[in-house]
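Good morning, and thank you for coming.

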Amino acid sequence: MKEPNSFKEAVKDKRWIQAMQQEVKALEDNRTWEVVPIPVGKFIIGSKWVYKIKYNSNGKVERFKARLVAKGYNQQEGLDYHETFSPVSKMVTVRSVIAIAASKDWKLHQMDVYNAFLQRDLQE
């Protein structure tokens with residue numbers, strides 16, 4: 001099974017269409033953007049779809065994942081943005097959590113977050 005390289009390829013398969021619909025719904029549900037007029041002297045940054053097949057630990061297809069991403073490589077630092085932020089966990093942190101859990105005999109669970117909006121305001 002091959003991941004599509006373009007939108008034109010993806011729309012030929014209903015599984016990829018469904019994955020794209022789920023992504024758009026998640027973006028809309030999380031109010032990821034708002035439509036505004038283009039400021040004078042500014043240009044629109046395009047977007048593209050990225051496709052990935054997610055597999056279970058036994059090698060079977062779990063789901064088809066489509067991500068709508070901005071073509072950020074067209075931006076210039078200091079002009080289009082002033083800082084970047086990409087929160088990730090470091091392996092030393094992951095190892096520490098596992099070590100503490102093992103020493104305390106805690107149960108650990110793994111999960112996959114379908115759409116992580118890390119800078120979204122939480123109501124919980």
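Predicted model: local features only at pLDDT ≥ 70, side-chain atom pairs only at ≥ 80, totals over all residues.

**The aromatic cluster**

Trp16 is buried, as is Phe64; buried means under 20% relative accessible area, exposed over 50%, and partly exposed in between, with a 1.4 Å probe and protein chains only. Residues are numbered from 1 along each chain as its sequence is written, and side-chain values use heavy atoms, with hydrogens and water left out.

The structure holds 2 aromatic pairs. Rings of Phe, Tyr and Trp (its six-membered ring) pair if their centres lie within 6.5 Å; planes under 30 degrees apart count as stacked, over 60 as edge-to-face, and the rest as tilted. The ring centres of Trp16 and Tyr51 are 5.4 Å apart and their planes lie at 75°, so this pair is edge-to-face. Because Trp16 belongs to helix H2 and Tyr51 to strand E1, the pair ties together parts 35 residues apart in sequence. Helices (H or I, at least four residues) and strands (E, at least two) are DSSP runs, numbered from the N terminus. Trp16 and Tyr51 are both buried.

For Trp16 and Phe64, the ring centres are 4.7 Å apart and the planes at 85°, so that pair is edge-to-face. It links distant parts of the chain, with Trp16 in helix H2 and Phe64 in strand E2, 48 residues apart. Trp16, Tyr51 and Phe64 form one aromatic cluster.

Let me turn to the strands. E1 (residues 47–55) runs antiparallel to E2, and 9 bridges join them; two strands pair if DSSP finds at least two bridges between them. Tyr51 stands opposite Ala66 in E2. E1 and E2 form a hairpin with 5 residues between them, and Gly59 in the turn has a positive phi of about 90°.

Which residues other than glycine have a positive phi? Arg31, in the loop between helix H2 (14–29) and E1, has a phi near 45°. Asp105, in the segment after helix H3 (91–104), has a phi near 60°. Arg31 counts as exposed because its relative accessibility is 59%, and Asp105 counts as exposed because its value is 70%.

Thank you for your attention.
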